[in-house]
Amino acid sequence: MTNKETVERLNSDRVNESTATINLPVEEREAVIVADNLSKYFGATKALDKVNCRIAGASIFGLIGSNGAGKSTFLRLAAGVYRPTEGSMFYRGQVVFDNPCAKKDIVFVADQPYFHFDNLKKMSALYRSLYERWDQELYQELIRIFPIGEDQRLDLLSKGMHRQAALILAIAAKPRLLLMDEAFDGLDPVMRQNLKRILARQVADDGMTTLIASQNLRELEDFCDHVGLLHEGGLLFVEELDKLRLGLSKAQIAFREDVTAEQLKSAGLEILRFSARGSLIEILSRNTEAELRTILNQMNPLLLDVLPLTLEEVFIYELSRKSYVVSELLA
Amino acid sequence: MTFQIQTDRGKGGTLRRKSGLWWIFGRQLADLRSLIAIFMFLFLLVMPIAMLILGRDIFTELANRHNVPYHEADGMTVVYYLGIPLRFNRAFFPFHLIVVTLSSVAVLVMGGSLFRPLYRRETVDFEWSLPLTKSQWFLGRALALVVGLSLVYLVNIIATSGIVYVWGLKEILGGYLLVYLKTYLSAIAFTGFSLVFFSLVGRLFDAIVLNIMIHLASPLMLLIMSNPYYIGDIRKQSSLHKLVWLFAPAFDTYREIAMDRNFLYYVILIVFWFVFGWFCAMKRPAEWGGRKSGSMRWFRSIQTFFSVAGGIIAGNLFYAFDFTSFQLHQTKLLRPAFIIGAILGAFLGQLISSAITGKTLQRVPSERTAKRRLHPVLYEWLWSLLGVVILYAVELVSQVI
């Protein structure tokens with residue numbers, strides 16, 4: 001399919017014509033990023049293979065996958081660094097590659113940040129001259145939160161401080177689309193929280209869309225609206241995080257007598273995972289929390305503790321439904 | 001939202017504060033200022049400062065030393081321009097070789113400094129994600145390189161001309177400026193040639209080494225093919241020779257002192273290399289950064305050149321030691337010594353260029369190479385045989401022309 005034909009087909013769909021606004025449900029927001037049959041090969045190696053997805057505006061999208069899954073390649077395609085081998089990558093309807101009109105709204109924080117100049121003062125001047133939406137007040141606020149001196153030599157900073165400097169510049173440029181590869185890599189817990197808070201504020205106040213690629217599911221689970229799982233260059237699924245969690249429950253229970261998974265199933269629970277350690281049983285079931293409590297209370301447990309679900313557990317469930325070997329995917 | 005085909009490539013209005021091209025040019029020129037200062041000093045050292053150290057009398061003697069019938073016979077002395085005899089080579093000759101060498105070094109060093117970011121992944125990520133086009137990056141860099149070199153040449157000629165004028169050698173000044181301008185234009189043509197390599201390769205090392213290798217191979221081929229007494233011989237020029245000289249613009253610059261070329265020649269050469277360099281830059285994908293040039297597909301097409309050069313050099317070397325060939329009056333191309341030398345030389349040329357550019361000669365156990373039944377070394381043999389075939393064709397054509 002030629003580029004022109006792709007554009008015509010996408011135009012005929014005319015999905016989500018409305019302007020992006022965070023008051024709208026995510027499904028109804030404008031698609032900021034659209035990957036259409038996107039493929040990228042490096043010689044004979046397939047990094048991405050016919051990926052189709054749309055990422056809504058004013059949201060935080062987590063892209064997860066194991067090493068070599070294609071996360072960084074996807075981000076580089078979204079940033080316009082790579083030209084797609086096949087298919088297209090659109091930002092608000094425009095091809096990204098070699099297109100400054102699209103790229104002036106996009107800032108990419110790579111896994112290895114690069115600084116053209118040796119201090120933040122000069123780097124901020126560089127960004128200010130390139131990005132029209134640069135916010136000097138926000139920049140001043142950020143250098144107070146992330147304690148890096150404007151005149152401090154950047155090449156002498158640690159890995160975490162490097163990352164902080166790159167994030168200061170990226171956020172202060174006020175991009176409409178922020179792309180981050182391993183955003184939390186090297187940051188200490190306090191700075192991670194600071195970063196999450198700032199990003200959430202920018203999304204809420206400025207309608208910024210954030211796309212984060214990470215191997216660490218736990219980093220993303222309390223933070224993202226949507227998650228997508230890449231594996232061997234293919235996008236296995238994209239789902240809203242709350243929807244993923246909906247209908248799944250996890251509990252720790254203990255009974256006077258030994259109880260088997262079969263007994264719980266016959267009581268009406270849809271057991272996805274069952275593990276017993278002594279008298280303590282941990283279950284993952286496809287029931288709502290209320291259903292779980294009602295059924296288990298009827299069995300007079302000694303202990304019933306409903307636990308929060310981790311993103312990893314949700315993924316294990318979702319992927320096992322799709323018959324994937326989970327340990328391989330999330331290694 | 002309406003999807004559209006990209007039509008605006010950022011020209012005009014994309015960046016309200018400053019045009020992308022001028023932004024890049026300004027940045028690159030600022031990054032280059034230290035190197036510009038260094039080369040400015042070196043140029044001043046080898047021309048005006050050297051003149052002052054030598055003094056008027058020694059300089060004049062050096063200049064006149066070459067104004068002898070021997071050189072005139074080889075086309076190296078007086079050239080008439082608009083009916084006026086220009087004895088520019090007399091004045092410029094003491095400095096010509098060193099200025100040309102310094103120009104070539106300046107182009108490679110300053111160009112290497114400007115294009116170095118293309119060869120590292122983190123800098124490519126940074127630069128190519130900025131709201132600027134590939135075209136702007138290339139043109140900004142090329143412009144900065146040309147302006148940097150021009151500044152060096154300009155300051156140098158102002159100082160040198162001042163000294164020549166003060167010394168009362170006004171009659172040679174016009175000719176002096178003319179050959180200086182031609183040398184400058186030739187250096188700009190070499191800049192364009194180098195831009196092609198800077199845009200094509202994956203490593204800075206490859207850009208410089210390949211450039212030098214081609215510059216070594218081309219004149220050697222010419223030297224052997226035409227058997228002149230020296231490279232500057234302009235009387236035995238054939239179309240084929242002229243064509244080969246195009247692939248050694250830095251060496252060609254050494255001949256400026258003796259060439260009476262039309263300015264159109266320089267314009268065509270400069271435009272050709274810059275447009276070709278721009279074309280290569282546009283085709284260059286981001287993922288080439290850090291890759292060994294030997295593994296790139298385009299390298300195969302120029303690698304035959306090294307086979308041909310190796311074949312010509314070794315073939316002629318072997319032939320020179322075959323003393324019976326002179327008695328038999330047999331054509332060189334049919335002599336066993338030449339054939340053996342050509343084949344061995346072609347293979348050696350192929351192997352050396354492969355080793356330098358990091359082309360692997362081992363079987364790589366991947367899905368792709370498993371389909372290739374030939375062993376890489378055998379593959380090299382076949383390519384070098386192609387080089388021998390081209391060599392014979394070139395030799396035959398050169399004999400016919």
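Helices (H or I, at least four residues) and strands (E, at least two) are DSSP runs, numbered from the N terminus. The views show a predicted model, in which local features need pLDDT of at least 70, side-chain atom pairs count only at pLDDT 80 or more, and totals for chains, interfaces and linings use all residues. Residues are numbered from 1 along each chain as its sequence is written, chains are lettered from A and ligands numbered from 1 in the order in which they are written, and side-chain values use heavy atoms, with hydrogens and water left out.

**View 1. The largest cavity has a volume of about 160 Å³.** On a 1 Å grid over the protein atoms alone, a cavity is a set of points where a 1.4 Å probe fits but cannot get out; lining residues have an atom within 4 Å of a point. Grid points are joined across faces, edges and corners, and a volume is the space filled by probe spheres set on the points. The whole structure has six cavities of 30 Å³ or more. In the largest, 17 residues form the lining, and A:Phe108, A:Val109, A:Tyr114, A:Tyr127 and B:Phe126 lie nearest the centre. Two or more lining residues come from each of β6 (106–109) and α6 (159–172) of chain A and α5 (121–129) of chain B. The largest share, four residues, belongs to α5(B).

**View 2. Strand β6(A) is covered on both faces.** A:Ile106 and A:Phe108 are buried on one side, A:Val107 and A:Val109 on the other. Buried means under 20% relative accessible area (1.4 Å probe, protein chains only). Four bridges join β6(A) to the parallel strand β7 (residues 177–181) of chain A. Strands pair if DSSP finds at least two bridges between them. A:Val107 stands opposite A:Leu178 in β7(A).

**View 3. Four strands of chain A form an open sheet.** The order is β2-β1-β4-β5, with antiparallel pairing. Strands β2 (45–56) and β5 (94–95) stand at the edges with a single partner each, so one side of each has no neighbour in the sheet. Five bridges link β1 (residues 31–42) and β4 (residues 86–91). A:Ala35 stands opposite A:Met89 in β4(A).

**View 4. Helix α1 of chain B is kinked.** This helix (residues 20–54) has 35 residues. From first C-alpha to last, α1(B) reaches 47 Å, close to the 51 Å expected at 1.5 Å a residue; the expected span is 1.5 Å times one less than the number of residues. The kink of about 50° is centred on B:Arg33. The bend at a residue is the angle between axes fitted to the seven residues ending there and the seven starting there. Just after α1(B), B:Gly55 takes a positive phi of about 90°.

Conventions: 1 Å grid on protein atoms, 1.4 Å probe; cavity = no way out; pocket = protein on both sides within 12 Å on 5 of 7 lines; lining within 4 Å. Buried < 20%, exposed > 50% of the residue type's maximum accessible area, 1.4 Å probe, protein only.
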